[in-house]
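Please look over the sequence and the model before reading on.

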Amino acid sequence: MTVQVRIKDKHAKVLNTLAAETNFVWNFCNELSFRHAQRTGKFMSGYDLQKYTAGACKEGLLLNSATVQMIGHELATRRKQFKKLKLAWRKNGGVRRSLGWIPFRADCVSYKGGEIRYAGFKFNVWDSYNLADYELGSGTFSEDSHGRWYFNTTVKVEKKTNPATKSIGIDLGLNECAVASDGQRLVGRNYRQLEQSLGIAQRANKKIEVKNLHAKIKNRRKDQLHKFSTMLTQHYGAIFVGNVSSSKLIKTKMAKSTLDAGWSSLKTMLEYKSDHAGVVYEVIDEAFTTQTCSCCGNISPSSPKGRAGLGIREWTCSDCGSVNDRDLNAARNILARGHSRLAVGIPSL
């Protein structure tokens, strides 16, 4: 499991200094690797770069020697990934300043008394995870666009199987981010709620206020998605989600609402939290789930169809007479399809 804790702002100056040294090592390795590739036609590996950065910390760098090695390996990995002779330079200042990044190895950090210890420095953190209970792994110190620093690391957590036997279907939408088959709803629409304030700040060219509003939107969305996904994986033994594609919808006029909903983030959270809790997680084909009546299973002439039917939020089935909420009906159909798909293995659900 990956955890992130906030480092207190009083340590920003030291961390900025370490980040500048990280950028220096990155740029040195970047240029060295580029020139070597020009001369020989071969790329330098992370181990090759180690030979040229060995002893750098003895010459005055404050970074841990393992961090210097990790920077070279990271550059070699990213250059291979993006298939480039030379990667972007990391900048310490200016409009396009690179956000701070300092990698570390598991044996280079320790936690004691509310402090993270690294390279002879002690950093106080707001410990919301009680890090003393975990064995810290490799990770990074990272900076966000507001100049706040975070400690990111991996920890080993024992899997606790969820004994729940109930199942639930989730319909993802734009009017509401998610509607569950039992009636629970996640509204979302955090961007829409602050859109007017954001527009006023942008037109007034208040850059700091714009940054703060974007951060507020992001944090609200992330908080809601985490709470919703955690609740589902704690109370249900099987979760079925519709396979609506956000990558396709962001190319349409519904792009803003699609990005605001955060479907991809919700699916990702549900997937890894379900895996940790031993919960069945399946993505189900949601074709015609809105048009199909969840009571009689028929596609009646009165059901909403196509783009013309997007504004219909409630409809009455002309076959059985049941009144259906559009999203709740779709969620129930997704649940039924999930049961059909896993019927052999989950008779108790």
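**Ground rules.** This is a predicted model, in which local features need pLDDT of at least 70, side-chain atom pairs count only at pLDDT 80 or more, and totals for chains, interfaces and linings use all residues. Residues are numbered from 1 along each chain as its sequence is written, and side-chain values use heavy atoms, with hydrogens and water left out.

**The whole chain.** The chain holds nine helices and 14 strands. Both are DSSP runs numbered from the N terminus: helices are H or I with at least four residues, strands are E with at least two. The C-alpha atoms fill a box of roughly 80 × 50 × 45 Å along the principal axes. Of the 349 residues, 43% are buried. Buried means under 20% relative accessible area, exposed means over 50%, and partly exposed lies in between (1.4 Å probe, protein chains only). A contact means heavy atoms within 4.5 Å. Take the contacts between residues at least 6 apart in sequence: 67% of them join residues at least 24 apart.

**Helix H2.** Helix H2 spans residues 46–53, and its buried residues are Gly46, Leu49 and Thr53. Seen down the axis of H2, they fall within an arc of 60 degrees, so they line one face of the helix. The arc is taken from the directions that run from the helix axis to the C-beta atoms. Tyr47 and Lys51 sit on the other side of H2 and are exposed. Just after H2 comes Gly55, with a positive phi of about 85 degrees.

**Its partners.** What do the buried residues of H2 pack against? They pack against helix H1 (12–40) and helix H3 (65–82). Two packed helices are described by the angle between their axes and the distance between the axes. Axes are lines fitted to C-alpha atoms, for helices over the stretch in contact, and angles run from 0 to 180 degrees between N-to-C directions.

| Pair | Angle | Axis distance |
|---|---|---|
| H2 and H3 | about 140 degrees | 8 Å |
| H1 and H2 | about 115 degrees | 11 Å |

H2 and H3 pack at about 140 degrees. That makes H2 oblique to H3. Angles under 35 degrees count as roughly parallel, over 145 as roughly antiparallel, 65 to 115 as roughly perpendicular and the rest as oblique. On the H2 side, Gly46, Tyr47, Leu49, Gln50 and Thr53 meet Val68, Gln69, Gly72, His73, Leu75 and Ala76 of H3. This contact of H2 with H3 has five nonpolar, six polar and no charged residues. Ala, Val, Leu, Ile, Met, Phe, Trp, Tyr, Cys and Pro count as nonpolar, Asp, Glu, Lys and Arg as charged, and the others, Gly among them, as polar.

Phe28, Cys29 and Leu32 of H1 meet Leu49, Tyr52 and Thr53 of H2. The contact of H1 with H2 has five nonpolar, one polar and no charged residues.

**Two single residues.** Cys317 lies in the loop between strand S13 (314–316) and strand S14 (323–325). Is Cys317 buried or exposed? Cys317 is buried, at a relative accessible area of 2%. Beyond its neighbours within four places in sequence, its contacts include Cys293, Cys296 and Asn324. Ser303 is 14 residues from Cys317 along the chain, and their C-alpha atoms are separated by 6.6 Å.

Ala20 is in helix H1. Ala20 counts as partly exposed, at 26% relative accessibility. Ala20 and Gly100 are 80 residues apart in sequence, with 7.7 Å between their C-alpha atoms.
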